[in-house]
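Below is a briefing on salt bridges, the nonpolar core and a nonpolar surface patch. Please read it beside the sequence and the structure.

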Amino acid sequence: MGGDRPTGGTGLTGESGHVAGASGHTLGGVGRRDTVAAVVHQWQTVHPDLDTGPMEIIGRVNRCAALLQQAEDAPLRRAGLSRPEFDLLAALRRTGHELTPSELARETFSSGAAVTKRLKQLTERALVERRGDDRDRRVAHVRLTDAGRDLVDAVLPEQLAYEGAVLSGLDAPQQGELAALLRELLGQLEGRLGALRS
């Protein structure tokens with residue numbers, strides 16, 4: 001959720017994360033209409049020899065992510081926070097101890113430069129504070145201020161309720177099945193793609 005990941009290049013999303021136009025037909029008339037089905041159908045017409053099955057999954061994951069980002073997380077917006085800023089505060093709250101900027105980058109799947117910028121903004125708002133390492137002046141340790149902790153604790157219940165409302169179209173068994181499938185996919189990707197980056 002760090003906001004630093006690309007959305008892909010199959011024509012399903014534009015560079016800004018907005019979805020390219022499509023008529024929204026479903027294949028074979030089965031299931032709910034969505035824009036990805038139309039894009040897949042168009043590619044099948046252009047390249048009937050290609051297996052577009054992966055696009056049905058990756059395209060929808062990217063599309064869902066784009067829509068969730070565009071919704072801007074209403075409770076966070078009311079608190080004057082962006083999702084990446086909240087992720088930093090939440091990482092400090094849930095781990096319960098100080099973190100270095102590089103550790104925060106790993107915790108929030110963000111670049112070091114992005115974390116540095118966000119920490120500057122949060123420090124100016126007195127939500128986090130930094131202290132130098134006793135042995136290495138190049139290393140900083142970041143912790144929540146009392147105001148930062150109180151803000152996370154106040155916003156989190158509202159944010160979870162908001163996210164629950166977003167998912168309310170799926171019943172509990174469907175949400176459980178989706179969570180399990182995404183957990184399996186994410187675990188595989190973190191292992192495979194993480195190894196490629198190292």
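Glu 98 has a relative accessibility of 22% and so counts as partly exposed (buried is under 20% relative accessible area, exposed is over 50%, and partly exposed is in between, with a 1.4 Å probe and protein chains only). Its salt-bridge partner is Arg 131, with the closest N and O atoms 2.9 Å apart. The model is predicted: local features need pLDDT of at least 70 and side-chain atom pairs pLDDT 80 or more, while totals for chains, interfaces and linings use all residues. Residues are numbered from 1 along each chain as its sequence is written, and side-chain values use heavy atoms, with hydrogens and water left out.

**Salt bridges**

- The whole structure holds 12 salt bridges, each a side-chain nitrogen of Lys or Arg within 4 Å of a carboxyl oxygen of Asp or Glu.
- Arg 131 forms a salt bridge with Glu 98; Arg 131 lies in strand 1 (residues 128-132) and Glu 98 in the loop between helix 4 and helix 5, so the pair ties together parts 33 residues apart in sequence.
- Helices (H or I, at least four residues) and strands (E, at least two) are DSSP runs, numbered from the N terminus.
- Arg 131 is partly exposed, at 33% relative accessibility.
- Asp 153 and Arg 93 form a salt bridge with their closest N and O atoms 2.9 Å apart.
- That pair links helix 7, which holds Asp 153, to helix 4, which holds Arg 93, 60 residues apart.
- Asp 153 is partly exposed at 37%, as is Arg 93 at 34%.
- Arg 78 and Glu 158 meet through their side chains in a salt bridge (3.5 Å, N to O).
- Arg 78 lies in helix 3 (residues 74-78) and Glu 158 in helix 7, so this bridge ties together parts 80 residues apart in sequence.
- Arg 78 is exposed at 61% relative accessibility, whereas Glu 158 is partly exposed at 41%.

**Nonpolar core**

- The largest nonpolar core has 22 residues, where a core is a set of buried Ala, Val, Leu, Ile, Met, Phe, Trp, Tyr and Cys residues joined through side-chain atoms within 4.5 Å.
- Its largest share, 6 residues, comes from helix 4.
- Leu 81, Leu 89, Leu 104 and Val 128 have the most contacts inside this core.

**Nonpolar surface patch**

- Residues including Ile 57, Leu 68, Val 166 and Leu 185 make a nonpolar surface patch of about 770 Å².
- Patch residues have over 30% relative accessible area and no salt bridge, and nonpolar side chains (Val, Leu, Ile, Met, Phe, Trp, Tyr) are joined within 5 Å.
- Helix 2 gives the largest share, 4 residues.

Definitions and conventions: Patches are made of residues with over 30% relative accessible area and no salt bridge: like charges are joined within 9 Å, nonpolar side chains (Val, Leu, Ile, Met, Phe, Trp, Tyr) within 5 Å. Accessible areas come from the Shrake-Rupley method with a 1.4 Å probe; for residues, only the protein chains shown count as cover.
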